Amino acid sequence: MENIAELVKSRRSVRTFDARELREEDIKKLSDFFGQTENPYNIPVEFRLLDAKKQQLKCPVVSGASLYVGAKAPRVPNAEMAVGYSFEMLVLYARSVGIGTVWIGGTMDRPAFERAMELGENEMMPCISPLGYTAKKMSMRESMMRKGVKADRREPFETLFFDGSFDVPLTKEKAGKLFAPLEAVRLAPSAVNKQPWRVVADKDAVHFYLKHSRGFTSENAGDMQKIDIGIAMCHFALSAKENGMNVRFVTEKPDISTKSDIEYIITVGID
């Protein structure tokens with residue numbers, strides 16, 4: 001993938017498709033890319049293409065799509081972040097070849113999708129996405145949904161990112177080389193647009209944290225906000241690499257004071 005900044009800016013959640021079936025060459029591109037996804041935890045994430053008609057799959061918030069992609073992973077620690085990271089790589093790639101997507105974690109016939117994914121007892125399927133070509137006009141339902149979650153709104157830079165501690169907001173001017181990858185994080189999608197990521201920049205590393213909200217955890221899907229953190233980590237790493245930085249992921253909790261609703265997730269070293 002090239003021009004991560006442009007892909008991040010231009011991607012949006014698509015729920016209204018034009019009903020055309022994906023061209024065979026586009027299906028092959030997606031299928032070939034499944035094996036190119038990765039994540040910092042090296043947890044295997046399996047993608048499958050799902051036929052809505054043949055497998056009797058329903059998703060009430062989507063119209064005009066007949067093909068879906070699902071992802072499943074072992075039910076192990078950090079699985080949600082791994083799925084979020086790997087799935088967002090696929091989402092951005094889909095955008096780069098003109099295919100629309102939307103993250104869906106709840107508003108679907110979950111039992112039917114889990115059967116189609118042949119979900120094992122010790123596996124989890126946090127999310128799926130329709131695949132198709134974006135319709136010229138959104139449905140009324142999609143327009144209302146986007147309005148309800150203020151889909152195009154993002155928190156200010158200084159609200160999400162900090163300089164050394166949570167007491168000092170990080171300004172765009174002071175971010176320096178970190179501005180592009182952090183801006184890619186700021187623009188990332190998240191469940192009902194909660195934007196739960198918080199990042200503390202500290203010398204040659206950034207520390208990712210999750211600001212928890214209630215109502216985002218379920219037994220079948222896991223913690224959807226940890227999916228969001230995986231998406232944010234993906235945006236940061238891809239943008240940093242595109243801007244000539246080397247990144248390495250480590251789990252070494254820094255000595256930074258936090259509030260009770262903020263959980264340390266991972267540190268990204270930058271060279």
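User: What should I know before I start?
Analyst: The model is predicted, so local features need pLDDT of at least 70 and side-chain atom pairs count only at pLDDT 80 or more, while totals for chains, interfaces and linings use all residues. Residues are numbered from 1 along each chain as its sequence is written, and side-chain values use heavy atoms, with hydrogens and water left out.

User: How many bridges join strand 5 and strand 6?
Analyst: Helices (H or I, at least four residues) and strands (E, at least two) are DSSP runs, numbered from the N terminus. Two strands pair if DSSP finds at least two bridges between them. Here strand 5 and strand 6 are antiparallel, with six bridges; Trp 197 has Leu 210 of strand 6 as its bridge partner. The two strands form a hairpin with two residues between them, and Lys 203 in that turn has a positive phi of about 60 degrees.

User: Which strand 10 residue is the bridge partner of Val 206?
Analyst: The partner is Val 268. Strand 6 and strand 10 (residues 262-270) pair in the antiparallel sense over seven bridges.

User: How is burial read, and why is strand 6 called largely enclosed?
Analyst: Buried means under 20% relative accessible area, exposed over 50%, and partly exposed in between (1.4 Å probe, protein chains only). Strand 6 (residues 205-211) has six of its seven residues buried, so the rest of the structure largely encloses it.

User: Which residues touch the most other members of the largest nonpolar core?
Analyst: A nonpolar core is a set of buried Ala, Val, Leu, Ile, Met, Phe, Trp, Tyr and Cys residues joined through side-chain atoms within 4.5 Å. The largest one has 68 residues, and those touching the most other members are Val 206, Phe 208, Met 233, Phe 236 and Ile 265. Apart from that core lies another, of 19 residues, including Phe 113 and Met 125.

User: How many disulfides are there?
Analyst: A disulfide is a pair of cysteine sulfur atoms within 2.5 Å. The structure has zero. For Cys 127, the closest cysteine sulfur is in Cys 59, at 12 Å, which is too far for a bond. Cys 127 is buried, at 0% relative accessible area. Cys 234 is in no disulfide either, its nearest cysteine sulfur being that of Cys 127, 13 Å away.

User: Where is Ala 19, and is Ala 19 buried or exposed?
Analyst: Ala 19 sits in the loop between helix 1 (4-10) and helix 2 (24-34). Its relative accessible area is 55%, so Ala 19 is exposed. Ala 19 is not a glycine, yet has a positive phi of about 75 degrees.
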